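User: Hi! I'd like to talk through this structure with you, one topic at a time. Could you take a look?

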Amino acid sequence: GLDKGYCLIVGGGDGSLARSFAKRSKLSVVVLDRDPQRVALGRKRLASERLYGHRVTISIGDLSSISFPPYVFNVVVDQNGFWGASSQTPLDELLRVTRPLGGAVYCGQPAGAVSFGHRLDSRPLVRAAQELGPELHDLTVRDAWVSLVRGKVAGSQNWTHNYATAANTHCNEDMLVKGPFGVLWYGEPGPTMRVDRHQSGPVPLVSNGVMYSVGNDRLMAYDIYNGTQVWERAVAGITRTGLPLGTSNVVVDDQDVYLVVKDKECWQLDAKSGKTKNVFPTPIGEGSLSPYWGWIAKEGDTLFGSRSLVDSRRRRADSKRSDEVFAIDVRNGRVLWRVQCGEMDHDGIAVNDGKLFLVSRRLSEAEKILASKAIPKDTTVPDRAAVDRRGKPIDRDLRKLVALDASTGALIWEKPFDATDITLDDTVVQ
């Protein structure tokens with residue numbers, strides 16, 4: 001079922017297997033062989049069919065150490081084993097250059113010893129493969145060959161929301177990202193198709209080894225390990241800018257992409273193909289000129305959103321604030337609950353541990369008194385002056401932290417507080 005990406009054939013210098021891959025798929029095929037005569041023959045054959053150099057390349061090299069970066073190939077075939085000879089390439093070296101999360105290695109299984117980690121192992125290949133542990137996703141054994149499908153890299157994590165998770169943690173707890181850094185690949189989509197960084201669009205998201213990037217009226221999906229475009233789809237009205245005061249309009253999970261379109265509805269797209277599976281309209285509520293969808297998050301089978309305030313002068317959605325939050329069951333499209341919480345900043349809504357948290361500006365007089373007494377203190381910096389540069393008093397910025405039950409919308413607790421000294425340009429720093 002694989003049609004795009006990169007294929008490596010070790011020991012296939014005659015070009016016959018590479019020709020089959022090139023004819024039957026869109027894979028770019030790289031062949032590595034140590035026999036100059038076989039390489040010359042393979043190049044001649046493929047050049048006569050106009051496949052060489054464009055779809056297939058053949059190189060002469062040492063088979064015991066593959067001189068390619070890690071993770072780059074979707075398919076790796078060790079052809080020497082299929083000819084009845086022992087592999088000249090260690091199994092761990094074949095897997096090193098194989099893409100995680102679905103990349104496959106095909107090895108012949110002759111009767112002799114198996115090379116694993118630069119040592120000879122007298123056990124069958126299948127026993128050697130099992131030493132790979134949790135990164136081995138699938139193992140298929142036939143009489144003459146074995147296939148190994150690589151799983152998730154241990155310690156790696158997805159980045160499914162603009163700030164990592166639905167909880168706005170700004171950290172996905174990935175254990176592998178550390179220096180020194182290097183370039184794994186470079187190329188498309190480049191800067192022209194994406195939102196200019198000075199316009200502050202949503203960050204790219206990553207799930208199951210695929211990066212999803214919102215461009216100018218288009219959504220693009222790329223393989224994070226080798227840069228292959230998985231799919232691209234033009235969708236008018238999905239470009240959002242002005243983050244972080246505004247909010248992202250896209251989240252992902254292992255199966256789907258959820259994309260708010262024209263601020264009116266959320267499209268559920270298949271993560272593998274980009275095709276539309278469902279459309280969830282913004283719930284219609286009272287007190288709004290139009291049901292604009294602002295903030296978005298996904299947790300389990302629940303899709304969360306907020307109803308943006310409306311700029312009455314332009315009758316457009318406010319990019320910064322909402323007055324209602326809601327939850328939708330993605331399995332059937334049913335609206336689970338809706339709660340009006342007063343004016344709140346999009347970027348201050350988060351979901352975690354079965355709760356939805358938000359910062360509301362709607363306080364009763366009694367709550368304002370409580371808030372003025374609950375002032376967070378940071379002793380490392382001086383308090384903000386009580387007057388502005390013109391000597392006019394600065395109004396206290398009183399807010400209320402609210403926790404709702406994420407499954408029912410029921411109020412769990414709320415806490416008024418004074419946010420005056422934790423604001424930036426009159427916006428609470430979340």
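This is a predicted model: local features need pLDDT of at least 70, side-chain atom pairs count only at pLDDT 80 or more; totals for chains, interfaces and linings use all residues.

**Contacts, core, sheet and charges**

User: Thanks. Which residues have the most contacts inside the largest nonpolar core?

Analyst: Those are Leu8, Ile66, Phe73, Val76, Leu94 and Val105, in a core of 18 residues. Nonpolar side chains tend to be buried together in soluble globular proteins.

User: And which strands and helix each supply at least two residues of this core?

Analyst: On the strand side there are S1 (6–10), S2 (28–33), S5 (104–108) and S9 (145–150), and the helix is H4 (91–96). H4 gives the most, with three residues.

User: Nice. Switching topic: in what order do the four strands of the open sheet come?

Analyst: The order is S14-S15-S16-S17, with antiparallel pairing. From one strand to the next, the twist averages 20°.

User: How many bridges join S16 to S17?

Analyst: Five, between strand S16 (residues 265–270) and the antiparallel S17. One to look at involves Cys266, whose bridge partner in S17 is Phe280.

User: Is Cys266 buried or exposed?

Analyst: Cys266 counts as buried because its relative accessibility is 0%, and the cut-off for buried is under 20%. Cys341 is buried as well, at 7% relative accessibility.

User: While we're on cysteines, how many disulfides does the structure hold?

Analyst: Zero disulfides.

User: OK, charges next. How many salt bridges are there?

Analyst: The count comes to 26 salt bridges. As background, side chains of opposite charge can pair when their charged atoms come close.

User: Which residue of S15 pairs with Lys277 in strand S17?

Analyst: That's Asp256, in strand S15 (residues 256–261), and the pair links distant parts of the chain, 21 residues apart. The closest N and O atoms of this salt bridge are 2.8 Å apart. Asp256 counts as buried at 5% relative accessibility, whereas Lys277 is partly exposed, with a relative accessible area of 42%.

User: What about Glu49, which residue does its side chain meet in a salt bridge?

Analyst: The side chain of Lys23, at 3.7 Å from N to O. Here too distant parts of the chain are linked: Lys23 belongs to helix H1 (residues 16–24), while Glu49 sits in the loop between helix H2 (36–48) and strand S3 (56–60), 26 residues apart. With a relative accessible area of 31%, Glu49 is partly exposed.

User: One last pair. Where do Arg321 and Glu343 lie?

Analyst: Their side chains form a salt bridge of 2.9 Å, N to O. Arg321 lies in strand S20 (residues 316–329) and Glu343 in strand S21 (residues 335–345), so the pair ties together parts 22 residues apart in sequence. Arg321 is partly exposed at 23% relative accessibility, and Glu343 is partly exposed with a relative accessible area of 29%.

User: Which residues are linked with Arg321 and Glu343 in a network of salt bridges?

Analyst: Asp345, Arg361, Asp397 and Arg399 are linked with them in that network.

User: Great, thanks for the tour!

How values were computed: Residues are numbered from 1 along each chain as its sequence is written. Side-chain values use heavy atoms; hydrogens and water are left out. Two strands pair if DSSP finds at least two bridges between them. Axes are lines fitted to C-alpha atoms, for helices over the stretch in contact, and angles run from 0 to 180 degrees between N-to-C directions. A nonpolar core is a set of buried Ala, Val, Leu, Ile, Met, Phe, Trp, Tyr and Cys residues joined through side-chain atoms within 4.5 Å. Buried means under 20% relative accessible area, exposed over 50%, partly exposed in between (1.4 Å probe, protein chains only). A disulfide is a pair of cysteine sulfur atoms within 2.5 Å. A salt bridge is a side-chain nitrogen of Lys or Arg within 4 Å of a carboxyl oxygen of Asp or Glu.
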